[in-house]
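Welcome, and thanks for taking a look at this one. Please have the sequence and the model open side by side as you read.

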Amino acid sequence: MWAASCLASCCAACACDACRTVVSGISRRSARIAYCGLFALSLIVSWMLREVAAPLMEKIPWINTFHHTPSREWFETDAVLRVSLGNFLFFTIFAVMMVGVKTQRDPRDGLHHGGWMMKIICWCLLVIFMFFLPNEIINFYETISKFGSGLFLLVQVVLLLDFVHRWNDTWVGYDERFWFIALFVVSLFCYLASFVFSGLLFHWFTPSGHDCGLNTFFIVMTLISVFVFAIVALHPVNGSILPASVLSVYCTYLCYSALSSEPRDYECNGLHKHSKAVSTGTLTLGLCTTVLSVVYSAVRAGSSTTLLSPPGSPRAGSEKPLLPLDKAAEHEEKEKSKPVSYSYSFFHLIFSLASMYSAMLLTGWSTSVGASGKLVDVGWPSVWVRIITGWVTAALYIWSLIAPIMFPEREF
């Protein structure tokens, strides 16, 4: 008994030392990666609790307040929402605290980059505390999460447009024959992939002998968008073939993702025989896409320092010190007076919205879980969210090309 207790104490001490070593290794440059890692950890915890926490939650009196115990899937959804709420509150609190941070001299700059052991402890306590809240609060969070997820999808669309335009400008800026050929090859491949994929959508989701007018409408609208993108790309004023082709593939993928999320008993869903495989694949791909988009948006968040530190703003530390400083201290003083390289507040806001979106992704938008069993991301809300996202993507891309022509005096 004594030996076992000693072994347990040694293991706990080693674990604490390992955590302390990892936390102390997080520097200013790796802080953003650490936040991304914390967000990824929240997804893993949500996924694990979704699978194993239901039997325990059924025994918690302030959660199971029903006369008739609901289905197991209800508790799985509730567990995901509670973890998501804790994650959302953690990043929202930081987003509010970091409003107005403009220079590294601000004490909140150190709070943003350091104190990781305390941050991890606070995050764990917040997530645990969420399991003591009444169901009414979780239901309210579930409702607002649908709107927050829509905002996150809108951010994704804007970032995708920004990415493809930068990609195109970079390759065109090289002004070499090789890069022009590469641009043409990639664009041609994207267009061919869009048309082939669209043909597969007709084959999978419009089976003969069934009235599948809604699916046909979705696929045709996607094809119309692809053709409009191609026409715009050939416009001599502001068209670019690479962004148009990449957006075509993305819109076609959104159409497939929407159609594959249709209920498994829907007669026009040709993938219903592989429901579990499709659901697991969609979930994995969706989670990977979410993590990647969050990482990219977090890195890109407010990267311009123009709004954060206008040219006319006073620089802290610009006055001559009363006592002369050595070179090391002077260098440190200059580092502290530098403006921040991105908006800390918007950085954390991205993670807040992503927490809502990941919860909706894991629970099938909290509407069809009970009817779909273990399937996730399945149901008509998921279908319409993705279809509307595709339409918004097409509209924003067309607007990004038309707006500079209609309003030449403004910057876009």
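Is Arg-108 buried, partly exposed or exposed? With a relative accessible area of 26%, Arg-108 is partly exposed. Please keep in mind that this is a predicted model. The points below cover the annotated segments, the nonpolar cores, the aromatic rings, the cysteines and the salt bridges.

**Annotated segments**

- An unreviewed UniProt entry carries the annotation "transmembrane region" for residues 79-101, 116-135, 147-167, 179-202, 214-234, 280-299, 342-362 and 383-407.
- One of these segments, residues 179-202, is 100% helix and 0% strand in the model, with 35 Å between its end C-alpha atoms.
- Another, residues 214-234, is 95% helix and 0% strand, and its end C-alpha atoms lie 31 Å apart.

**Nonpolar cores**

- The largest nonpolar core is made up of 49 residues, and Tyr-35, Met-57, Leu-85, Phe-90 and Phe-351 are those with the most contacts inside it.
- At least two residues of this core come from each of helix H2 (31-52), helix H3 (54-57), helix H4 (72-97), helix H6 (116-130), helix H7 (135-173) and helix H13 (344-363).
- H13 gives the largest share of this core, with eleven residues.
- There is also a second, separate core of 21 residues, and among its members are Leu-160, Val-164, Phe-229 and Leu-401.
- Which residues does Tyr-35 touch, leaving aside those up to four places away in sequence? They are Phe-91, Phe-94, Leu-111, His-112, Trp-116, Lys-119, Phe-347, His-348 and Phe-351.

**Aromatic rings**

- Searching the whole structure turns up 27 aromatic pairs.
- One of them is the pair of Phe-90 and Phe-91, which is edge-to-face, at 5.2 Å centre to centre and with 85° between the planes.
- Both of these residues, Phe-90 and Phe-91, are buried.
- Trp-171 and Trp-179 make a tilted pair, because their ring planes stand at 50°, with the centres 5.5 Å apart.
- Within that pair, Trp-171 counts as buried at 15% relative accessibility, whereas Trp-179 counts as partly exposed at 24%.
- A cluster linked by ring pairs takes in Tyr-35, Phe-39, Phe-90, Phe-91, Phe-94, Trp-116, Phe-347 and Phe-351. Among these, Tyr-35, Phe-90 and Phe-351 also belong to the residues with the most contacts inside the largest nonpolar core.

**Cysteines**

- How many disulfides does a search of the whole structure find? The search finds one, and it joins Cys-212 to Cys-268 with an S to S distance of 1.9 Å.
- The torsion about the S-S bond of Cys-212 and Cys-268 is about -95°, so this disulfide is left-handed.
- Cys-212 sits in the loop between helix H8 (177-205) and helix H9 (213-233), while Cys-268 sits in the loop between helix H10 (241-260) and helix H11 (275-300), so the pair ties together parts that are 56 residues apart in sequence.
- Cys-212 and Cys-268 are both buried.
- Cys-251 takes part in no disulfide, and the nearest cysteine sulfur, belonging to Cys-255, is 9.4 Å away.
- Cys-251 is buried, its relative accessible area being 5%. Cys-36 is buried as well, with a value of 9%.

**Salt bridges**

- The structure holds five salt bridges, including those described here.
- Side chains of opposite charge can pair when their charged atoms come close.
- Asp-106 and Arg-108 form a salt bridge in which the closest N and O atoms are 3.1 Å apart. Asp-106 counts as buried at 18% relative accessibility, which is under the 20% cut-off for that class.
- Glu-51 and Arg-50 meet through their side chains in a salt bridge of 2.5 Å, N to O. Glu-51 is partly exposed, with a relative accessible area of 31%, but Arg-50 counts as buried at 4%.
- Arg-82 forms a salt bridge with Asp-78, and the closest N and O atoms there are 2.5 Å apart. Because Arg-82 and Asp-78 are four residues apart in helix H4, about one helical turn separates them. Arg-82 and Asp-78 are both buried.

Key: Residues numbered from 1 in each chain as written. Predicted model: local features only at pLDDT ≥ 70, side-chain atom pairs only at ≥ 80, totals over all residues. Heavy atoms only, no water. UniProt positions renumbered as here; feature names shortened; annotations may be inferred. Core = buried A, V, L, I, M, F, W, Y, C linked by side-chain atoms within 4.5 Å. Buried < 20%, exposed > 50% of the residue type's maximum accessible area, 1.4 Å probe, protein only. Contact = heavy atoms within 4.5 Å. Disulfide = S-S within 2.5 Å. Salt bridge = Lys/Arg side-chain N within 4 Å of Asp/Glu carboxyl O. Phe/Tyr/Trp six-rings, centres within 6.5 Å; stacked < 30°, edge-to-face > 60°.
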